[in-house]
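Visitor: I am new to this structure and would like to learn how to read its salt bridges. Please take me through some cases.

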Amino acid sequence: MTPVLETRYLTIRFGGQVAVDSVSLAFHAGTTTAIVGPNGAGKTTFLNLISGQLRPSAGDVFLRGKRITAMATPARARLGLGRAFQLTNLFPDLTVLENVRLAVQARAGAGLGFFHAADTRTDLTERAQTWLSETRLSARAHNRVTALSHGDQRKLEVAMMLALEPEVFMFDEPTAGMSVDEVPMVLDLIAAIAASRDKTVLLIEHKMDVVRRLADRVVVLHQGALVADGEPAEVVASAIVQEAYLGIRPANG
Amino acid sequence: MTRQHPVLRLLLLSLFLALAFAPFLFPGTKSVATASRICIFIVLAASYDIMLGYTGIVSFAHTMFFAFGAYGVAIPLSRGWIGWDAILVGTIVGAALAALVSAAIALLSLRVQKIFFSMITLAVASLAQILATQLRDITGGEDGLTFSLPAELQPSFRFLADPIFGVRADGRLIGYYLTALIALALFLLMQRLVASPFGTVLQAIRENEFRAEALGYRTIVYRTIASAISAAIAAVAGGLMALLLRYVGPSATLSFDVMTDILLMVVIGGMGSLTGPALGAALVVLAHYYLQPFMQMGFDSLADVRILPALIHPDRWLLWVGTLFVLIVHFFPAGIVGAFRKH
């Protein structure tokens, strides 16, 4: 079976620094893979290479067997690569509803409508409202993003990716900075996506309990290189992960 | 969308009514010409706002597109092809050329950093200015082109024998309402455009281009279309200006004074609102036309006082315009509209 997403020897160097070092991984439909590793391990850079914000120094990215290495970010997004960002990355001066509607509109390919008012496309607005209620943001629909709490901004980030209805969901620490009572809701949303057979989820996450709950596979990056790949329980237990991720070094290290 | 503040609504309504009935409220050649100029600059400033306020593109070539339309109308008329068809063809050719050149600049240079894009527009605008003064056979050089208008637009033309509410039913009246109606139509068109799905994407690009791309929008396409539309509308405004002045020359349409005025209108009125630049246009045009006579009045009435008259001598009017603008920009950084925005 062709993997939905595959990287082959994916590498990027910034000056002399190798940020992602020849990472070859295949991701299949219906799987949820957690990407873990210490800060600076290259996790976010790896996602940027997949979604196209960065071009690799070497290696390739394939989507459903098609080489997309040279493709620009918007084209990749339209092919079904969805990305939520770690640092909140929204349209601050627009309302919450407008933010989500932009995603819905992108998905519907309706951005080049010139002569009707955006809010008369009730189908798009309704879809956007649905995603807002999924993420419990309906009450905030008409607030500007700048007026939202950090946690709500994180939820909006998730809502926008959901609204794109991608095939591949890339979450970058989705619950970071969220208040404790909001976390379960977001995790339930991700779990619902993970449970569907045709969606592929990549998740950067630091919290091990979240990883154990959502992921059926864990890959570990350390200094840009892939150092472990397997089921959550075995990976977390392995010595190399203890060293790379938890910072426990062998006595002679 | 946030609802408009009542004061702002009142301002906009008064501006609309004043322009709608300008020939009757403010009879006289000069005041009607001023009202025409306000209508034209509303269109010009609003079209610039689509670039600056909505998409976040800083271009200095907007006057060049304005000039395309003005010369488009002036060239056939000055060569003796005097008719409505000449005006129509001239405007369309000017607008099409403006859209094309604007799209070409955008495609070639919007990929580079914003500051370099601005520099490129500055270079192209300077080039256009030089061309307009050098290609004497076509543009009339520094002297520009003077021409006469179709009979229906001439002051001697009467479409009714009797005055309407004391105003002569002449070609000037037709000319004013032609300008005002086209300006209104273009303004409404632009309002439609910025509220459309396309307009929302433009705002998304302004707010966070990186994220707009991550959602799948090819931002270069949107920015190119936005600058082409903006340039075409500026060209139509230029055509109207040519009809108003019956003259087109580099200083009236192409100079950086015009560009500075457009920037002031947009910034003073409030970027990213269209209604802001409309108010800004009215304010700046009025300041240009009436501050000097107003100061003359003050000067005369204070003739006996010592220092004051020197300060408000009519020759110092630019000093006061400058001071006024600095104060407005300082105290209302988001412009007139921004000052009334509810949060």
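Visitor: Which residue forms a salt bridge with Asp172(A)?

Guide: Side chains of opposite charge can pair when their charged atoms come close. In this predicted model, the partner of Asp172(A) is Arg83(A), and their closest N and O atoms are 3.8 Å apart. Asp172(A) belongs to strand β7 and Arg83(A) to strand β6, so the bridge ties together parts of chain A that are 89 residues apart in sequence.

Visitor: Is Asp172(A) buried or exposed?

Guide: Buried is the word for a relative accessible area under 20%. Asp172(A) has 2%, so the residue is buried. Arg83(A) is buried as well, with 3%.

Visitor: Which residue forms a salt bridge with Arg144(A)?

Guide: That is Asp93(A), with 3.0 Å between the closest N and O atoms. Here both residues sit in loops: Arg144(A) between α4 and α5, Asp93(A) between β6 and α3, 51 residues apart. Arg144(A) counts as buried at 17% relative accessibility, while Asp93(A) counts as partly exposed at 33%.

Visitor: What does Arg206(B) pair with?

Guide: Arg206(B) forms a salt bridge with Glu207(B), the closest N and O atoms being 3.2 Å apart. Arg206(B) is partly exposed at 24% relative accessible area, and Glu207(B) counts as buried at 19%.

Visitor: Which residues do salt bridges with shared partners join into one network?

Guide: The network consists of Arg140(A), Asp152(A), Lys155(A) and Glu182(A).

Visitor: How many salt bridges does the structure hold over all chains?

Guide: The count over all chains is 15.

Notes. Residues numbered from 1 in each chain as written. Chains lettered and ligands numbered in written order. Predicted model: local features only at pLDDT ≥ 70, side-chain atom pairs only at ≥ 80, totals over all residues. Heavy atoms only, no water. Salt bridge = Lys/Arg side-chain N within 4 Å of Asp/Glu carboxyl O. Helix = DSSP H or I, 4+ residues; strand = E, 2+ residues; numbered from the N terminus. Buried < 20%, exposed > 50% of the residue type's maximum accessible area, 1.4 Å probe, protein only.
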